[in-house]
Amino acid sequence: MTDAAELRRRTAELLAAHPPTTTDRLDFLRARFDAGLAWVHYPEGLGGLGAPRSLQAVVDAELEAAGAPDNDPRRIGIGLGMAAPTVLQYGTEEQKRRYLRPLWTGEEVWCQLFSEPGAGSDLAALGTRAVREGEDWVVNGQKVWTSSAHVARWAILIARTDPDVPKHAGITYFICDMTDPGVEVRPLRQITGEAEFNEVFLTDVRIPESRRLGEIGDGWRVAQTTLNNERVAIGGMRLPREGGMIGPISKTWRERPELRTHDLHQRLLKLWVEAEVARLTGERLRQQLVAGQPGPEGAGMKLAFARLNQEISGLEVELRGEEGLLYDDWTMRRPELVDFTGRDAGYRYLRSKGNSIEGGTSEVLLNIVAERVLGLPTEPRTDKDVAWKDLAR
Ligand SMILES: Cc1cc2nc3c(=O)[nH]c(=O)nc-3n(C[C@H](O)[C@H](O)[C@H](O)COP(=O)(O)OP(=O)(O)OC[C@H]3O[C@@H](n4cnc5c(N)ncnc54)[C@H](O)[C@@H]3O)c2cc1C
């Protein structure tokens with residue numbers, strides 16, 4: 001049994017063998033992975049030690065105190081939060097060994113090729129086709145809103161392999177090499193001025209059978225693992241007190257007494273308490289995760305995260321008065337990472353609009369909570385037993 005003492009001992013051993021001050025950053029990260037101290041709850045040989053997930057904090061604290069480099073998790077959020085748990089659950093041994101190490105060290109960035117122009121909330125309606133040809137699958141279609149596609153080496157991709165069965169049944173899950181011929185990435189500029197996401201056109205892209213993840217036709221089930229993890233990754237980030245959107249506005253409030261009014265004070269206090277409740281609920285959710293994969297509870301966290309970010313950043317713009325209307329930079333940047341709380345108040349206000357859309361819209365998450373948490377009647381579904389090819393699109 002790997003307990004906290006054992007993890008401290010192994011961390012000390014890692015630090016002694018690879019002193020952070022004299023070791024190359026990547027060498028250190030690789031050695032950390034190989035020592036099983038990357039994500040301690042993963043199996044041995046895959047960056048972990050099969051230890052309780054809650055003990056990760058022990059390792060992180062020791063490494064931080066020693067000034068060790070981290071893997072810059074914000075840059076590789078889709079890989080860490082979504083691709084990795086899916087590869088772990090459904091991948092073959094060979095796939096796990098090939099993909100997880102460079103994913104965790106940040107050597108290979110991942111993106112998510114799920115949404116399409118005609119399939120967002122109704123993701124199972126997707127039309128990108130994958131047709132088997134010998135040992136390859138030939139993929140044609142268009143994806144949209146693909147965050148980080150411009151920096152990604154790999155993508156998790158869902159495509160239709162059988163149009164003759166109902167929409168949920170004919171989908172298969174693949175790993176797509178973003179550097180392959182036929183993958184074209186075009187920037188999409190968003191309300192913040194940046195283009196953090198993209199359109200991705202797939203034309204005769206050949207994906208070898210060895211990059212199929214899960215069974216043929218079982219892609220919808222595999223995708224549920226990705227989506228449940230996505231909501232936790234977006235809404236359930238571990239934060240210190242005042243670590244999220246509530247941090248910058250609280251700082252402004254303390255430093256700028258001339259902006260204060262009684263009304264704003266009442267509203268800020270209410271949001272501060274709600275943000276703290278959401279943060280502590282996230283801690284509880286993470287403790288539940290120790291027992292296994294996230295369920296629909298992640299939807300609740302993500303809902304709260306989106307609503308609070310929008311309300312808090314809106315209040316911040318209001319608090320700043322005329323200053324709040326200024327915007328720091330409209331340049332079309334292609335950011336490598338997304339920092340929801342970064343830059344100035346105007347950026348936070350505009351960026352948070354996407355929080356209630358990305359990773360499932362708030363309306364759709366409310367449906368999930370209604371059906372799977374509260375047990376309310378489901379929405380009528382008339383297309384459940386109809387072949388995908390016969391659906392109106
Ligand atoms: C910043 C950002 C980053 C993103 N990154 C990625 C990415 O990396 N990869 C990826 O694959 N996708 C990504 N997305 C896409 C995102 O998952 C979709 O935008 C989202 O699922 C909604 O789909 P849609 O845009 O097609 O809207 P639609 O599904 O067309 O929805 C339109 C409106 O109808 C409502 N609606 C739809 N169905 C229902 C229903 N059953 N009940 C009630 N209301 C409903 C919605 O809530 C919404 O208000 C990103 C989106 C954003 C904003």
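Predicted model: local features only at pLDDT ≥ 70, side-chain atom pairs only at ≥ 80, totals over all residues.
The crossing of α9 past α11 is left-handed. On the α9 side, the residues in contact are A299, G300, K302, L303 and A306, and these meet S362, L365, L366, I368 and V369 of α11. Sorted by class, this contact comprises 7 nonpolar, 2 polar and 1 charged residues.

Helix α9 also has a contact with helix α6, residues 219-235. Here the packing angle is about 35°, and the axes are 8 Å apart. Again the crossing is described as left-handed, with α6 passing α9. From α6, the contact draws on R231, V232, I234 and G235, while α9 contributes G298, A299, M301, K302 and F305. The class division for α6 with α9 is 5 nonpolar, 2 polar and 2 charged residues.

Apart from neighbours within four places in sequence, G298 is in contact with R231, V232 and L285.

Attention now turns to the aromatic residues. Across the whole structure, the search finds 11 aromatic pairs. In one of them, Y99 and W154 are arranged edge-to-face, with 5.1 Å from centre to centre and 80° between the planes. Since Y99 sits in helix α5 (residues 93-105) and W154 in strand β4 (residues 154-160), the pair ties together parts 55 residues apart in sequence. Both partners are buried: Y99 has a relative accessible area of 4%, and W154 has one of 3%.

W154 has a further ring partner in W110. The ring centres of W110 and W154 are 6.3 Å apart, and the planes meet at 35°, so this pair is classed as tilted. W110 belongs to strand β1 (residues 110-113) and W154 to strand β4, so the pair ties together parts 44 residues apart in sequence. W110 is buried too, at 2% relative accessibility. Besides these ring contacts, W154 has a charged residue over its face: R153 lies there, at 4.3 Å from the ring centre.

Elsewhere among the aromatic residues, F33, W39, Y42 and W104 are linked by ring pairs into a cluster. Another arginine placed over a tryptophan is R393, which lies over the face of W388 at 3.7 Å from the ring centre.

Conventions: Residues numbered from 1 in each chain as written. Heavy atoms only, no water. Left-handed = near helix turned anticlockwise from the far one by under 90°. Helix = DSSP H or I, 4+ residues; strand = E, 2+ residues; numbered from the N terminus. Contact = heavy atoms within 4.5 Å. Nonpolar A, V, L, I, M, F, W, Y, C, P; charged D, E, K, R; others polar. Phe/Tyr/Trp six-rings, centres within 6.5 Å; stacked < 30°, edge-to-face > 60°. Buried < 20%, exposed > 50% of the residue type's maximum accessible area, 1.4 Å probe, protein only. Lys NZ or Arg CZ within 6 Å of the ring centre and 35° of its normal. Axes fitted to C-alpha atoms, helices over the stretch in contact; angles between N-to-C directions.
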